[in-house]
Amino acid sequence: MTPPGGDWPAPTAPRRLQAVVPLPGSKSLTNRFLVLAALANDRSRLRLPLRSRDTLLMAQALRALGVGIQDVRAEGAPVSAPATDWLVTPGELRGDTRLDVGLAGTVMRFVPPVAALAHGPVELDGDAGARVRPMGPVVDALRVLGADIDDGGRGCLPLTVRGRGGLRGGPVTLDASSSSQFVSALLLAGARYDEGVTVHHDGKPVPSEPHIAMTVETLRDAGVDVDDAEPNTWRVEPSEISALDVQVEPDLSNAGPFLAAALVAGGSVRVPDWPQHTTQAGDALRDILDAMGADVSLDREGLTVSGDGSVGGLDIDLHDASELTPLVAALAALADSPTWIRGVAHIRFHETDRLAALASELNALGGDVTETEDGLRIRPVPLRGGRFRTYHDHRMATAGAVVGLRVPGVQVEDVATTTKTLPDFPGLWASMLAQTQVAEHPASGD
Ligand SMILES: O=C(O)C1=C[C@@H](OP(=O)(O)O)[C@@H](O)[C@H](O)C1
Ligand SMILES: C=C(OP(=O)(O)O)C(=O)O
């Protein structure tokens, strides 16, 4: 089920900001940690995981497979404190269950390789939009590795993995040019296959590579031996997965719209707890916002982005950080020079066809946006208010909010779609906008 939601009048930012915006945990890290903890040799603790639609669906799916996931308070927290952590207790994986993947790429791709280890059939289905996202490469690869999967020959959801309690594993070649998640999915479960797994990619370049680096790093941190020395080939040795005790970093891609607000409105926005080292693709925001005219500084206080209210256009290849495209497109529509976004053909298979959606919605506000084969060309022109449709895509909704900072009368359709990866986007946005800079020359009254 898609969460319900009405149109949301995107607030304008009349004054310069001076805001601190703490953000919840990373979707990509939370869902990797959940999978690894589910397959680990002992109980794990995930500190400050993200609790949003995508991660709650992952937790629900793993529970249905027999994994214990318990909400607990942080160690040492008073009894009145809310439960912020998850204790994950692995168990024998059972089948005979149906799983809802929602619209979550990480759930629909990461769970089938786990389900292949279950005892019995596991059915997976999701939102209407999930049924058109590609699954073929991961399904075909699992079959080569020994799995029995019925997808009706469609290469999409719904599908049934007939788990046999284990999988042979071994070498497999696939084309991961439409999503890095196919590779991550096989690597995350691969250590639990009899022969481990060797994934070889053959095709156009794999997008979103930092997400594969994140998979490799989380596996290594769990004691798994991963060889990624050869380009486009990843080898995971068969082994136990060690229990985790990890703190989830804030979601850096979700920080994007908040940091961008400093550029659009002027002033500064700080996101605390920005990691010094990270594999999150959202870390690229530091360079991107700098290139669009912001002052960006990272220190122990977090990442601070300052701007003077003007935005510069840019020519950028977002192949590695494609999930940032809606944000960059929104900023580009408010810029004072043209932008060319390249290298993101595959985001036509994200939550929606993001290239078509961005062109359509920015143009509906009077914009001048052209789709190219692998990106967008955006010429800045004055925009007007109107409805900004979101296509069940959280990043379309936050892109609409960024445009609305400057353009009065933007109505974002179904803002609740942001709950896919952020529990309370409208609340966080309002709280950021309420933190404005004290005027440099306050009226003296004389
Ligand atoms: O593995 C992950 O956590 C993700 C990988 C990327 O997917 P694609 O490779 O399909 O772009 C990214 O865009 C998505 O938001 C999250
Ligand atoms: C592409 C995205 O999500 P998913 O994990 O569903 O692929 C995204 O969050 O931008």
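Helices (H or I, at least four residues) and strands (E, at least two) in my notes are DSSP runs, numbered from the N terminus. I'm working from a predicted model, where local features need pLDDT of at least 70, side-chain atom pairs count only at pLDDT 80 or more, and totals for chains, interfaces and linings use all residues. Residues are numbered from 1 along each chain as its sequence is written, with chains lettered from A and ligands numbered from 1 in the order in which they are written.

I looked up the UniProt record, an unreviewed entry, which lists residues 12–426 as "domain: Enolpyruvate transferase". That annotation may be inferred rather than shown by experiment. I get 30% helix and 23% strand for residues 12–426, with the end C-alpha atoms 13 Å apart.

**Ligand 1.** Next I listed the shell, taking residues whose C-beta atom, placed from the backbone, lies within 6 Å of the ligand. Ligand 1 has Ser28, Gly105, Thr106, Ser179, Ser180, Gln181, Ser184, Pro207, Ser208, His211, Ser322 and Glu323 around it. By class I count 1 nonpolar, 10 polar and 1 charged. (Ala, Val, Leu, Ile, Met, Phe, Trp, Tyr, Cys and Pro are nonpolar, Asp, Glu, Lys and Arg charged, and the others, Gly among them, polar.) H3 and H5 (181–190) each give at least two residues to this shell.

**H2 against H3.** I then checked H2 (residues 53–64) and H3 (residues 105–115): their axes come within 9 Å and cross at roughly 25°. That makes H2 roughly parallel to H3, the label for angles under 35 degrees. The axes are lines fitted to C-alpha atoms over the stretch in contact, with angles from 0 to 180 degrees between N-to-C directions. From H2, Asp54, Leu57, Met58 and Ala61 meet Thr106, Val107 and Val111 of H3; contact needs C-beta atoms, placed from the backbone, within 7 Å. This contact has 5 nonpolar, 1 polar and 1 charged residues.

**H1 against H6.** I found H1 (residues 27–38) packed on H6 (residues 209–221) at about 40°, axes 11 Å apart. Ser28, Leu29, Arg32, Phe33 and Leu36 of H1 meet His211, Met214, Thr215 and Thr218 of H6. I sort these into 4 nonpolar, 4 polar and 1 charged. Ser28 and His211 also turn up in the ligand 1 shell.

I noted a cis peptide bond from Leu157 to Pro158, omega near -5°. Pro158 is in the loop between S8 (149–150) and S9 (159–164). Asp273 isn't a glycine, yet has a positive phi of about 65°; I place Asp273 in the loop between S15 (267–271) and H8 (285–291).

Key:
Parallel < 35°, antiparallel > 145°, perpendicular 65-115°, else oblique. Contact = placed C-beta atoms within 7 Å.
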